[in-house]
Amino acid sequence: MTYKFSKEFSQIKKEFEKSRKILLVAHSRPDEDTIGSVFVLKEYLEKILGKQADVVCLDAFPEYLKTIFEGEKFAELEKIKIGDYDLLVGCDAVERGFEKIVSEKKKNQKVILLDHHPRLDMKKIEPDIVVTDENFSSVCEILYDFLDFHRIAISKKIASYLLTGILYDTGAFQHANTSVKVMEISADLMRKGAPMNKIIQATFKNKKLETLKLWGRAMERAQINEKTGAILSFITTEDMRELSVKEDDIGRIAELLNTVVGTKYALVLIEKEQNKIKGSLRSEWYKNVDVSEIAQKLRGGGHRLASGFEIVGKIVKNGEGISVE
């Protein structure tokens, strides 16, 4: 088998082996791929290499993933001293929070970034090793290659974590990034004990009634812009307070809207606290729209088919439409 990142994989393993203490950084608003990636590395570093590895994130560990990642948790960020670590590793969407946690590095520290987004624009930190390619479905797919390249045995736990990230980022094999290789990897992970049904239940099907009500509101508000082919909707902080839901429960709305016939892409605006609005964009290959270009204009980023941004403002309803003020 040919490995695209064989040189980088060799360099990364050497850095892991040289380091005594490693900090693993998940992106803000953590999803299955970033969580799967950091805890795969934590398991590998601690159980196989005998290193100390801590996982940090700007946000809390999602409740719905605790049935898959039993006993796993993020270290308390306020107790972490970045300067104590030999190696700093960012996994997936590293622009979403890595530099807020790692604002600078010492001369003796190394930084490794693992991603599958097309553009990495790190302004403060100069990474030592970068592995990124949008042709990979997920960072978990990249890590499968890393383990396979070094002939490292994949335990049931690691297989479960890897499959969780792959399933999420491929939309349970429904997205265009589902390649033959992805299917082969997933089959291998299942043979190693990864419980596909349990993962799908936890990540795609295990929804509270309040979550479905929230989705219903978004569907009700959805409008199609005939000029652009966009289907748009929104969620307010009032909606979330009234239904007692968290931002974790909103993730699928843009994907659902993107299935509407005749649309080119979906945009969902999610009102957050502190006068901020998060935008989620989704499309499909056959629609021929690069939503990352839209996100970049709003200082966001992501993939051609899945991107996001964050802007300052509040959602204001104007007659039948909305504006951001």
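**Figure 1. Helix α1 and the lining of the largest cavity.** Helix α1 gives the largest share of the lining of the largest cavity, three residues. The model is predicted. One cavity of 30 Å³ or more turns up in a search of the whole structure. The space in the largest cavity is about 30 Å³. Its lining consists of Phe9, Ile12, Phe16, Leu114, Leu143 and Phe146. Two elements, α1 (6-18) and α4 (139-149), each give two or more residues to this lining. By class the lining holds six nonpolar residues, with no polar and no charged ones.

**Figure 2. An aromatic cluster of Phe and Tyr rings.** One aromatic cluster is formed by Tyr3, Phe5, Phe9, Phe16, Tyr44, Phe136, Phe146 and Phe149.

**Figure 3. The phenylalanine 39 and phenylalanine 69 ring pair.** The ring centres of phenylalanine 39 and phenylalanine 69 lie 6.2 Å apart. Their planes stand at 50 degrees, so the pair is tilted. Planes under 30 degrees apart would count as stacked, and planes over 60 as edge-to-face. Phenylalanine 39 belongs to helix α2 (residues 32-48). Phenylalanine 69 belongs to the loop between β2 (52-56) and β3 (87-91). The pair thus links distant parts of the chain, 30 residues apart. Phenylalanine 39 is buried, at a relative accessible area of 1%. Phenylalanine 69 is also buried, with 1% relative accessibility.

**Figure 4. Lysine 21 over the ring of tyrosine 85.** The charged end of lysine 21 sits over the tyrosine 85 ring. The distance to the ring centre is 4.8 Å.

**Figure 5. The salt bridge from lysine 110 to glutamate 15.** A search of the whole structure gives 22 salt bridges. Side chains of opposite charge can pair when their charged atoms come close. Lysine 110 pairs with glutamate 15, and the closest N and O atoms are 3.3 Å apart. Lysine 110 lies in strand β4 (residues 110-115) and glutamate 15 in helix α1, so the bridge ties together parts 95 residues apart in sequence. Lysine 110 is partly exposed, with a relative accessible area of 30%. Glutamate 15 is buried, at 12%.

**Figure 6. The salt bridge from lysine 157 to glutamate 43.** The closest N and O atoms of lysine 157 and glutamate 43 are 3.7 Å apart. Lysine 157 is in helix α5 (residues 156-169) and glutamate 43 is in helix α2, so parts 114 residues apart in sequence are tied together. Lysine 157 is partly exposed, with a relative accessible area of 33%. Glutamate 43 counts as buried, at 14% relative accessibility. Helix α2 also holds phenylalanine 39.

**Figure 7. The salt bridge from aspartate 128 to lysine 105.** The side chains of aspartate 128 and lysine 105 meet at 2.9 Å, N to O. Aspartate 128 is placed in the loop between β4 and β5 (129-132), and lysine 105 in the loop between α3 (98-101) and β4, so the bridge joins parts 23 residues apart in sequence. Aspartate 128 is partly exposed, with a relative accessible area of 40%. Lysine 105 is partly exposed, at 29%. Elsewhere, salt bridges that share partners join Arg29, Lys272, Lys276 and Glu310 into one network.

**Figure 8. Tryptophan 215 in helix α8.** Tryptophan 215 is part of helix α8 (residues 209-221). Its relative accessibility is 12%, so tryptophan 215 counts as buried. Leucine 189 is 26 residues away from tryptophan 215 in sequence. In space the two are 32 Å apart, C-alpha to C-alpha.

Figure 9. Most residues other than glycine have a negative phi. Serine 244 is not a glycine, yet has a positive phi of about 55 degrees. Serine 244 sits in the loop between α9 (237-243) and α10 (253-257). Serine 244 is exposed, with a relative accessible area of 57%. Asparagine 288 has a positive phi of about 55 degrees, although not a glycine. The loop between β9 (276-282) and α11 (291-297) holds asparagine 288. Asparagine 288 is exposed, with a relative accessible area of 62%.

Definitions and conventions. Residues are numbered from 1 along each chain as its sequence is written. This is a predicted model: local features need pLDDT of at least 70, side-chain atom pairs count only at pLDDT 80 or more; totals for chains, interfaces and linings use all residues. Side-chain values use heavy atoms; hydrogens and water are left out. Rings of Phe, Tyr and Trp (its six-membered ring) pair if their centres lie within 6.5 Å; planes under 30 degrees apart count as stacked, over 60 as edge-to-face and the rest as tilted. Helices (H or I, at least four residues) and strands (E, at least two) are DSSP runs, numbered from the N terminus. Buried means under 20% relative accessible area, exposed over 50%, partly exposed in between (1.4 Å probe, protein chains only). A charge sits over a ring if NZ of Lys or CZ of Arg is within 6 Å of the ring centre and within 35 degrees of the ring normal. On a 1 Å grid over the protein atoms alone, a cavity is a set of points where a 1.4 Å probe fits but cannot get out, and a pocket is an open set with protein on both sides within 12 Å along at least five of seven lines; lining residues have an atom within 4 Å of a point. Grid points are joined across faces, edges and corners, and a volume is the space filled by probe spheres set on the points. Ala, Val, Leu, Ile, Met, Phe, Trp, Tyr, Cys and Pro count as nonpolar, Asp, Glu, Lys and Arg as charged, and the others, Gly among them, as polar. A salt bridge is a side-chain nitrogen of Lys or Arg within 4 Å of a carboxyl oxygen of Asp or Glu.
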